[in-house]
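Subject: Structure handover

Hello,

Here is the structure we talked about. Please open it next to this email and follow along.

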Amino acid sequence: MSSLLSCRSISKAYGAQRLFSDLDLVINDGDRVGLIGPNGSGKSTLLKILCDLEDLDSGVIDRRNNVIVSYLAQEDTFLEHQGPLANLLEPLKSSPLPEAQKLNRAQELLSRIELEDQQRPVSQLSGGWRKRLSICRALATDPDLLVMDEPTNHLDIEGILWLEALIGSNSPLSPPTFIVVSHDRRFLENCTSRTIELSATYPAGTFQVDGTYSSFLEKKVDFLAQQHKLEDKLANKLRRESEWLRRGPKARTTKAKYRIDEAYRLHDQLDSVKKQNRLAHNIGIDFTATGRKTKKLMEVDSLSLTVDSKELFGDLSFTVSPGTRIGLVGRNGCGKSSLLNLLYGCARGETQAEHGSVRVADNLAVVNFSQDRRTVDKQVSLRRALAPEGDAVVFRDRSVHVVSWAKRFLFRPDQLDTPVGSLSGGEQARILIADLMRQPADILLLDEPTNDLDIASLDVLEESLREFEGAVILVTHDRYLLDSVCDAVLGFIEDGAVTMFSDYLQWLSAVSGETGKPGEDIKVEKKKKPAGKSRKPGRLSYLDQLEYDRMEEMILAGEQSCEELEKKIEDPALAADPAKLQPIWEQLDQARREVEQLYLRWDELERKKMQ
């Protein structure tokens, strides 16, 4: 397998902020690479460097001769007043192909977009259709390597499935090799054959695994566990070396200088491993419920909404109770956000439904997360955005200093005076989530809360929503989040028809005209769950499920280690030598503690699974 592109010891920083250093990366023919990592780790910058759109600080990139690289940016730029065909022909202007072949390729790509009105200027297309056009335009030059930065942005579920089919097929239009930055876990699982995480958590700056995304997660769990074991091992070794150095002047002769050097080396190595392990911490999302026991929080009866003479939805009725989990699904522009806004306005008494009614419990506490980042004041500092009333916030009746509150959402203290407008989309999303967490709620109305969040934050968000004891009404195109959190989905079909389905797949069958009947009863109430938890029965988060599947094997391995150490201790030859026996006793004690922790974790996962 030959390489298209090879990076050796590349580094990049913006001022004092170092994104990555001494990074090595090879992309071979046929690679289908998913690039992931925390917000701010440099993923988008790395893609631009690969496409020669950004300069390196140091290092070397070797590219195969005449390799064609095509770049799909997050933001789409077009010839706005021209049609889709003209925009597909634009990147082919410098191609040596005959004009007839250029036209044929552009028309073939245009047919794959599945756009009904192909004469409309691009400026009049919705975000989803613009993204489809942008993806096909990136394929126009028949690239050897397609580089994509968040290609699922602005795509609805049907659009994401369309993209999976386009880049996953073996047609002449599909890219033979690609690298994609994405936070869509289901998309990564379905489309990639290699995963690279870019993060300072890892000694080499990246963690690279060949295989599916789920295989990557399994190996990542193993690696992080080994890192923590390495920290314990280094700490024990450093303690022994330090004790030796404290014995007295006779031990610290010039002949033993190597022992002193070794102690300093261990100290530096331990500091490095500790720093990497601490970097693995995730955002602290934890929504607060009011604890209200009211059976019916909200009753929607025959609700309709018409905008610009177009009925978005009609005759809509459902009930929301504590523990209700509803996902809103539908094509872009169908009215999902409008429904959330109407429910929010009615719940707060700020809006009256023109047709139908929305009845709510007395003093209902509703919290709304808007996908519109304009709700965050871009002019204020991060400090003031996180703590509007001073240097502390009140969370669950406790005062938390703004520095500690900022760290919970992965902000550094030196960022507190930074204007919000200078922060990334993911960082602004975390500010909104921090604001929501300070407000106890009966109902969470969440409109695309996953936008701009990295995968680690998505995992924590998912877990928090599952634990939340109130009700959740959620708009998202994240299929994994829908499956994991929602008990039902409210699906927008066409001509204002909205129906409750058991999951998004049933809705897809309905909108595509395939088999699958919509649900008859659209009353959604909390499912009966033991211990009063709002978690879906038998559901664990992605990482928890992987950990649970391996737990028995890990416990057996730990117990076997204990047995082997116990046999060594029983050896008469060692029993007479305390110097040799002591470290084995320490190892056995550590091994027993690890097994005990594994059993406690297993019990915890069992309880989650049963709730």
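First, a term: a residue is buried under 20% relative accessible area, exposed over 50%, and partly exposed in between, with a 1.4 Å probe and protein chains only as cover. Areas come from the Shrake-Rupley method. Helices (H or I, at least four residues) and strands (E, at least two) are DSSP runs, numbered from the N terminus.

This is a predicted model, where local features need pLDDT of at least 70, side-chain atom pairs count only at pLDDT 80 or more, and totals for chains, interfaces and linings use all residues. Residues are numbered from 1 along each chain as its sequence is written, and side-chain values use heavy atoms, with hydrogens and water left out.

Helices

Start with helix H4, residues 127–139. Of its 13 residues, 11 are buried, so H4 is mostly covered by the definition above. Among the buried ones are Gly128, Arg130, Lys131, Arg132 and Leu133. The expected span of a helix is 1.5 Å times one less than its number of residues.

Helix H9 covers residues 336–347. Its 12 residues should span 16 Å, and the end C-alpha atoms lie 17 Å apart, which agrees. Lys336, Leu339, Leu340, Leu342, Leu343, Gly345, Cys346 and Ala347 are the buried residues of H9. Gly349 follows H9 and has a positive phi, near 75°.

Salt bridges

Side chains of opposite charge can pair when their charged atoms come close. A salt bridge here is a side-chain nitrogen of Lys or Arg within 4 Å of a carboxyl oxygen of Asp or Glu. The whole structure holds 25 salt bridges.

Which residue does Arg130 pair with? The partner is Glu80, with the closest N and O atoms 2.9 Å apart. Arg130 sits in helix H4, and Glu80 in the loop between strand E5 (69–72) and helix H2 (84–89), so the pair ties together parts that are 50 residues apart in sequence. Arg130 is buried, at 15% relative accessible area. Glu80 is partly exposed, at 27%.

Glu90 and Lys93 also form a salt bridge, at 3.2 Å, N to O. Glu90 is partly exposed, with 32% relative accessibility. Lys93 is exposed, at 61%.

Lys220 and Glu197 form another, at 3.2 Å, N to O. Lys220 belongs to helix H7 (residues 213–245) and Glu197 to strand E8 (residues 194–198), so this pair ties together parts 23 residues apart in sequence. Glu197 is buried, at 8% relative accessibility. Salt bridges that share partners also join Arg185, Asp459, Glu462 and Asp478 into one network.

Surface

Asp301, Glu311, Asp315, Glu494 and Asp495 form a negative surface patch. Patches take residues with over 30% relative accessible area and no salt bridge; like charges are joined within 9 Å, and nonpolar side chains (Val, Leu, Ile, Met, Phe, Trp, Tyr) within 5 Å. Asp and Glu count as negative, Lys and Arg as positive, and His and the chain ends are not counted. A charge is placed at NZ of Lys, CZ of Arg, CG of Asp or CD of Glu. Asp315 lies in strand E11 (residues 310–320). Asp315 is exposed, at 57% relative accessible area.

Last, Ser502 is in the loop between strand E20 (498–501) and helix H15 (504–512). Ser502 is partly exposed, at 47%. Ser502 and Asp483 are 19 residues apart in sequence and 9.9 Å apart in space, C-alpha to C-alpha.

Best wishes

How values were computed:
Areas by Shrake-Rupley, 256 points an atom, 1.4 Å probe, with all protein chains shown as cover.
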